[in-house]
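Please view the sequence and the structure alongside the text.

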Amino acid sequence: MSHKRIPKRKAAIAAGGVAALGAAALLLPNANASQDGAEDTAAAPKTLKAGDASDLASQLAGLLGDAFAGSYYDEGSQQLVVNVVGDNNQLVVQAKKAGAAVRKVENSTAELESAAQTLKTEATIPGTAWAVDPRTNKIRVTADSTVTGEQWDTLESTVEGLGSGMATIQKSAGTFKTFASGGDAIFGGGSRCSLGFNVTAGDGSPAFLTAGHCGVAVAEWSDAQGGAPIATVDQAVFPGEGDFALVKYDDPAIQAPSEVNVGGGQTVPMSQAAEATVGQEVFRMGSTTGLADGTVTGLDATVNYPEGTVTGLIQTNVCAEPGDSGGSMFTRDGLALGLTSGGSGDCTVGGETFFQPVTTALEAVGATLGAGAAGDAGGAGGADDAGDAGDVGVGEEAGAGEGAGVGEEAGAGAGQEVGGGEEAGVGGGHADVEEDQGLVSTQ
């Protein structure tokens, strides 16, 4: 695990290092009209990185008030798109001046929240989930393969009762479940989960975040299957308002690097915790399937697991499998976003995966990201030294036991240390290292 020692071999991430987003505040322009009374309705949207778009979205939500109906990040144009209801043209002008692309929509945030409450009251059925999709300005309701017969009829009629244009409903081929399993990475009571991010607890002691369903199931966790415990659960929430746990290291002198190990000897330093944005590109690291990537598809999602309902999650199309629970979701720029909760599907057929927002978890447990200082984050998946993989530079791919050249496929399989010193493969296909940031993405 990353608490043992700093890896001796690390890949170069990129010239100048990984840029930390959100370091410079985005200042909204003066809310007043120009002195001559002209309204610049033709202001062009700004090109933004996803982290900056999230900051701008938060500011615009406050500026627009009830007129704000959500936002999302357009990866193609690299622009923030803000939904606005009502006829207050001055607010539209200010949003455009701030750098956002503005879209007039029908459903307000209050109306969407009311519809979500109706779903909670009338259709809390195991195997269902829903979240607001700002790209359609509707609630997207998903039912897994277990929702059939009368349950499906109930769900369908509830969605229809919300009114035309308020929600959509779709089927998922898989089954919504949490991703805990027996195996490797961090171990406890025959279960395997993944370390999310190293943090500093409120009392200054070293700790890490993982999934709450892991924390409520097992009190003590080890870095090796059958090994002695090295950390003890301090707080855990599941089900309910989140899926997160704070686990304190038993040794207060343990080093907990503020980085995510992405396999093949490469690490991505974390700069800070941040809010996710719909449409944002994200990466997920887990002890079973290694690194996977995708996009955020919904926020404030409600998921009805067999164990109970969990609210406030991030919905994505990133794949995950049993054992990936608790693993870190982050950006190529080093922003810590989420902890793997559960979902449906796998890394062969794909599916939906839900994540606990890191910002919410940190606030709830009173911890700060990193080892000893806010703004740092930890290694994911309990990786220690990435085993015997050779030195890997930017644009190179990890070989099994020795350095690989540019363009070669990864052979990170059994025999490499990937989680807590245990042997594990990086699943989901071969790894492809991005040259600009040294990130690995599965194909």
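## Disulfides and their surroundings

Cys319 is buried, its relative accessible area being 12%; buried here means under 20% relative accessible area, exposed over 50%, and partly exposed in between (1.4 Å probe, protein chains only). The model is a predicted one, in which local features need pLDDT of at least 70 and side-chain atom pairs count only at pLDDT 80 or more, while totals for chains, interfaces and linings use all residues. Residues are numbered from 1 along each chain as its sequence is written, and side-chain values use heavy atoms, with hydrogens and water left out.

Cys319 forms a disulfide with Cys347, with the sulfur atoms 2.0 Å apart. A disulfide is taken as a pair of cysteine sulfur atoms within 2.5 Å. The link of Cys319 and Cys347 is right-handed, with 90° about the S-S bond. This pair connects distant parts of the chain, 28 residues apart: Cys319 is in the loop between β20 (308-316) and β21 (328-330), and Cys347 is in the loop between β22 and β23 (353-357). Helices (H or I, at least four residues) and strands (E, at least two) are DSSP runs, numbered from the N terminus. Cys347 also counts as buried, at 18% relative accessibility.

The structure holds 2 disulfides. The other bond is between Cys193 and Cys214, whose sulfur atoms are 1.9 Å apart. Its torsion about the S-S bond is about -90°, so the disulfide of Cys193 and Cys214 is left-handed. Because Cys193 lies in strand β9 (residues 191-193) and Cys214 in helix α5 (residues 212-217), the pair ties together parts that are 21 residues apart in sequence. Counting bonded cysteines along the chain, the disulfides follow the pattern 1-2, 3-4.

| Residue | Relative accessibility | Class |
|---|---|---|
| Cys193 | 0% | buried |
| Cys214 | 1% | buried |
| Cys319 | 12% | buried |
| Cys347 | 18% | buried |

## Helix α1

Helix α1 (residues 50-64) has 15 residues and reaches 20 Å from its first C-alpha to its last, close to the 21 Å expected at 1.5 Å a residue; the expected span is 1.5 Å times one less than the number of residues. Buried residues of α1 include Ala50, Leu56, Ala57, Leu60 and Leu64. Among the elements covering the buried residues of α1 are β1, β2, α2 (89-98) and β22 (335-343), where contact means heavy atoms within 4.5 Å. Gly65 follows α1 and has a positive phi, near 65°.

## The sheet of β1, β2 and β3

Strands β1 and β2 also belong to an open sheet of 3 strands, ordered β1-β2-β3 with mixed pairing. Two strands pair if DSSP finds at least two bridges between them. The edge strands, β1 (68-74) and β3 (101-104), each pair on one side only. Strands β1 and β2 (residues 79-84) run antiparallel and are joined by 5 bridges. Phe68 has Val84 in β2 as its bridge partner.

## Pro229

Pro229 is located in the loop between β12 (220-221) and β13 (231-237). Pro229 is partly exposed, its relative accessible area being 41%. Leaving aside neighbours within four places in sequence, Pro229 is in contact with Glu220, Trp221, Ser222 and Asp250. The C-alpha atoms of Pro229 and Asp250 are separated by 8.1 Å, and these two residues are 21 residues apart along the chain.
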